[in-house]
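Have the sequence and the 3D view open while reading.

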Amino acid sequence: MSITSLDGKRFAEMVIQGANHLSQNAKMVDALNVFPVPDGDTGTNMNLSMTSGAKEVKMNVQDHIGKVAASLSKGLLMGARGNSGVILSQLFRGFSKAIEQKASINSRELAKAFDAGVKTAYKAVMKPVEGTILTVAKDAANKALQISETETDIVKLMEEVVKEAKASLQRTPELLPVLKEVGVVDSGGQGLVLVYEGFLSVLKGEELPQFPLDTPSMEELVKAEHHKSVQSFMNTEDITFGYCTEFMVKFESEKLKQHPFSEEDFRQQLSEIGDSLLVISDEEIVKVHVHTEQPGEALTYGQRYGSLINIKIENMREQHSSIVANEQPYSTKSKGKAKYGIVTVSMGEGIRNLFKSIGATAVIEGGQTMNPSTEDILKAINDVHAEKVIILPNNKNIILAAQQAAEVAEQKVVVVPSKTVPQGMAALLVFNPNASLEENETAMNEALSYVKTGQVTFAVRDTVIDGVNINKDDHMGILDGKIITSNRDRLETAKQLLAEMIDEENEIVTILYGQDAPQEEVDEIVEYVEEQFDHVEVEVHEGKQPLYSYIFSVE
């Protein structure tokens with residue numbers, strides 16, 4: 001099939017499939033992660049970034065490709081995480097700018113859009129490094145420009161883009177010595193190839209395998225000669241700038257009067273105190289990623305122009321030391337016992353995967369109506385094969401069983417009494433592998449109070465609780481264990497619950513939607529939060545949990 005004109009609806013399908021393909025292969029991309037070290041997991045960061053872009057596109061599907069591309073750019077900007085995610089957002093920021101006025105585009109215009117994205121991304125990076133996602137994007141865009149001089153079929157052009165992106169990816173070890181030493185291709189470049197493969201599959205009307213045919217599977221990576229983590233090829237002391245610092249500044253008019261904002265000047269200021277610098281902005285915010293020894297100075301610079309939001313600071317030296325000590329990314333067996341193991345409880349495949357992605361060693365299937373026994377928890381404690389174990393029950397009815405398991409276990413075990421999944425996630429995110437068990441216990445207990453939990457479920461009988469009249473089969477909104485609303489309409493219940501949960505102090509709302517929650521309803525809830533509470537950032541994950549249509553986390 002020949003396609004000579006690309007409209008917004010087909011491009012939206014391409015974006016959604018690109019995001020899906022990246023999501024399905026995010027772990028494979030994580031396994032390749034080596035640069036920059038140890039700046040998070042590339043696959044996870046790119047997946048969350050692209051998912052945010054696709055979510056925005058889903059809410060704005062229309063014929064006009066320029067407007068769809070603008071939605072993609074907005075979603076990527078707000079959801080961009082880590083170096084790789086920010087660069088991905090810049091590639092499509094430039095892409096969208098190039099076609100923002102066009103209702104549809106031809107092959108030449110598509111090629112120029114790819115090229116505009118590359119130029120924007122290179123400009124955003126203070127010191128571009130070849131052999132990364134930037135190189136893969138540049139080589140693919142150059143091929144697109146070349147092909148588009150004579151080729152009008154967009155399908156054939158995209159085939160050449162994917163082909164060249166893959167070839168460029170295979171060349172990345174020749175440009176970055178660390179990749180060649182470890183024996184992997186660039187992880188960010190691989191993520192971009194996955195997105196482009198998703199684009200092409202829609203144009204050709206073909207299904208995609210979970211793993212690209214010419215890239216290694218996780219099993220092959222595990223069997224590779226480098227059985228130790230890629231991080232172990234580098235020394236902790238070689239990390240010049242030790243703090244990975246990410247934040248956003250929401251512009252304030254009064255501050256801008258005193259300090260007019262210039263993206264170029266701001267980037268130059270930050271370049272003097274760090275590297276791996278990315279600065280991107282629009283009319284409302286500026287987003288920053290920098291590796292520095294003085295994260296406080298970076299935040300002070302940003303605060304001149306507005307209020308700080310979404311701050312994340314990670315000690316990369318501690319991350320690196322922990323990874324090298326545990327030697328777990330490529331080997332399922334470590335020598336002796338690991339220093340720490342974290343056991344948590346959840347129901348739903350999506351929530352289980354989410355816990356795993358943020359550091360849980362073992363996840364026990366269980367929760368409401370299915371409480372694991374003391375024996376189940378004790379087995380999990382033994383299975384993690386660690387010197388010290390932390391248990392996150394995530395349900396008040398499981399805490400006692402967890403405490404009993406801790407008492408009889410041979411290892412040092414502490415129970416952080418999380419009563420909900422959001423509490424468990426908040427506690428897990430502050431875990432420090434280099435801190436003592438006592439220090440972690442204190443920090444994780446404190447984190448339980450940082451988050452508010454909302455749940456939407458259904459009533460099994462008529463009753464009155466805390467002055468709320470509840471009818472059988474009504475949907476109930478529960479805030480930190482207290483029923484605060486009941487309504488026959490589930491969407492209205494979710495909105496009422498969120499209205500009670502969110503205030504001016506909150507910054508992040510996370511939505512975990514369950515097995516029975518339709519995508520259209522999820523999109524309506526996201527739209528409601530974004531319209532009513534424009535000061536918060538919204539994250540959405542498919543939890544696949546039973547019984548609870550929605551679990552909300554507000555921080």
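In what order do the strands of the open sheet of four strands stand? The order is S4-S5-S3-S6, and the pairing is antiparallel. The model is predicted, so local features need pLDDT of at least 70 and side-chain atom pairs count only at pLDDT 80 or more, while totals for chains, interfaces and linings use all residues. Residues are numbered from 1 along each chain as its sequence is written, and side-chain values use heavy atoms, with hydrogens and water left out.

**Sheet of four strands**
- Strands (E, at least two residues) and helices (H or I, at least four) are DSSP runs, numbered from the N terminus; two strands pair if DSSP finds at least two bridges between them.
- Strand S4 (274-281) and strand S6 (306-315) are at the edges with a single partner strand each, so one side of each has no neighbour in the sheet.
- From one strand to the next, the twist averages 10 degrees.
- Strand S3 (residues 243-251) and S6 run antiparallel and are joined by eight bridges; Glu246 stands opposite Lys312 in S6.

**Helices H13 and H14**
- Helix H13 (residues 263-271) lies across S4 and strand S5 (285-292), at about 160 degrees to S4. Angles run from 0 to 180 degrees between N-to-C directions, and axes are lines fitted to C-alpha atoms, for helices over the stretch in contact.
- H13 packs with helix H14 (residues 295-303) at an angle of about 160 degrees, their axes 10 Å apart.
- The two helices H13 and H14 are therefore roughly antiparallel to each other (under 35 degrees counts as roughly parallel, over 145 as roughly antiparallel, 65 to 115 as roughly perpendicular and the rest as oblique).
- Phe266, Gln269 and Leu270 of H13 and Ala298, Tyr301 and Gly302 of H14 make the contact (heavy atoms within 4.5 Å).

**Helices H7 and H10**
- The axes of helix H7 (residues 133-148) and helix H10 (residues 187-204) come within 7 Å, crossing at roughly 40 degrees. That makes H7 oblique to H10.
- In H7, Ile133, Val136, Ala137 and Ala140 meet Gly188, Gly189, Leu192, Val193 and Tyr196 in H10.

**Sheet of six strands**
- A further open sheet has six strands in the order S15-S14-S11-S18-S16-S17, with mixed pairing.
- Its edges are strand S15 (482-487) and strand S17 (537-542), each with a single partner strand.
- The twist averages 20 degrees from one strand to the next.
- Strand S14 (residues 475-479) pairs with S15 in the antiparallel sense over five bridges, and the bridge partner of His475 in S15 is Asn487.
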